[in-house]
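Visitor: I would like to go through this structure term by term. Please set each value against its cut-off.

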Amino acid sequence: MTEAADPTPQGRMNALYHRLITGIRTNAERDLRLAHAAGNAADQARAQARLDTVEAALGIHGGAHLQTHGTRP
């Protein structure tokens with residue numbers, strides 16, 4: 001487990017962040033696929049917006065981490 005490999009608070013925080021965001025991204029991708037399969041345009045738009053928001057949040061976090069720590073999380 002990452003927490004055992006990196007016992008620092010920053011390492012634990014990054015591991016938790018990755019665990020949470022992976023689940024959120026997976027769910028958003030699944031919702032988009034389901035909406036597309038159902039052919040519901042409104043649900044597709046909502047699911048795409050959710051996925052875009054998750055991707056934007058990841059980009060912001062990655063950029064902030066790069067500026068602060070010199071590496072991407």
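Guide: We start with helices. Helices (H or I, at least four residues) and strands (E, at least two) are DSSP runs, numbered from the N terminus. H65 sits in one such run, helix α3, residues 41–69. This is a predicted model, where local features need pLDDT of at least 70, side-chain atom pairs count only at pLDDT 80 or more, and totals for chains, interfaces and linings use all residues. Residues are numbered from 1 along each chain as its sequence is written, and side-chain values use heavy atoms, with hydrogens and water left out.

Visitor: Why is H65 called buried?

Guide: Buried means under 20% relative accessible area, exposed over 50%, and partly exposed in between (1.4 Å probe, protein chains only). H65 has a relative accessible area of 9%, so H65 is buried.

Visitor: What does H65 touch, not counting residues up to four places away in sequence?

Guide: Contact means heavy atoms within 4.5 Å. By that rule H65 touches Q10, N14, G70, T71, R72 and P73.

Visitor: Which backbone oxygen does the side chain of H65 reach?

Guide: That of T71, at 2.7 Å. A polar contact is a pair of N or O atoms within 3.5 Å; within protein, one must be able to donate a hydrogen and the other to accept it, and residues adjacent in sequence count only if both atoms are side-chain atoms. The distance of 2.7 Å falls within 3.5 Å.

Visitor: Which residues of α3 are buried, and what do they pack against?

Guide: A47, L51, V54, L58, G62 and H65 are buried. The buried residues of α3 pack against α2. In α2 the buried residues are G11, N14, A15, I21, A28, L32 and A35.

Visitor: What makes N40 a cap of α3?

Guide: A side-chain oxygen of N40 lies 3.1 Å from the backbone nitrogen of A42, at the N-terminal end of α3. The start of α2 has a contact to a backbone nitrogen as well: a side-chain oxygen of T8 reaches to within 3.0 Å of that of G11.

Visitor: What follows each helix?

Guide: G39 follows α2, with a positive phi near 75 degrees. Just after α3, G70 takes a positive phi of about 80 degrees. G70 has 52% relative accessibility, so G70 counts as exposed.

Visitor: Why is the pair R25 and E55 called a salt bridge?

Guide: A salt bridge is a side-chain nitrogen of Lys or Arg within 4 Å of a carboxyl oxygen of Asp or Glu. R25 and E55 meet at 3.1 Å, N to O. R25 lies in α2 and E55 in α3, so the pair ties together parts that are 30 residues apart in sequence. R25, at 32%, is partly exposed. E55, at 35%, is partly exposed.

Visitor: How many salt bridges does the structure hold?

Guide: There are 4. Among them is D43 with R46, the closest N and O atoms being 2.3 Å apart. Both lie in α3, 3 residues apart, about one turn of the helix. D43, at 31%, is partly exposed, whereas R46, at 55%, counts as exposed. The side chains of R30 and D31 also pair, at 2.9 Å, N to O. R30, D31 and R50 are linked in a network of salt bridges.

Visitor: What makes L16, L20 and I24 a patch?

Guide: Patches are made of residues with over 30% relative accessible area and no salt bridge: like charges are joined within 9 Å, nonpolar side chains (Val, Leu, Ile, Met, Phe, Trp, Tyr) within 5 Å. I24, found in helix α2, has a relative accessible area of 36% and so is partly exposed. L16, L20 and I24 form a nonpolar surface patch with about 260 Å² of accessible area together. Accessible areas come from the Shrake-Rupley method with a 1.4 Å probe; for residues, only the protein chains shown count as cover.
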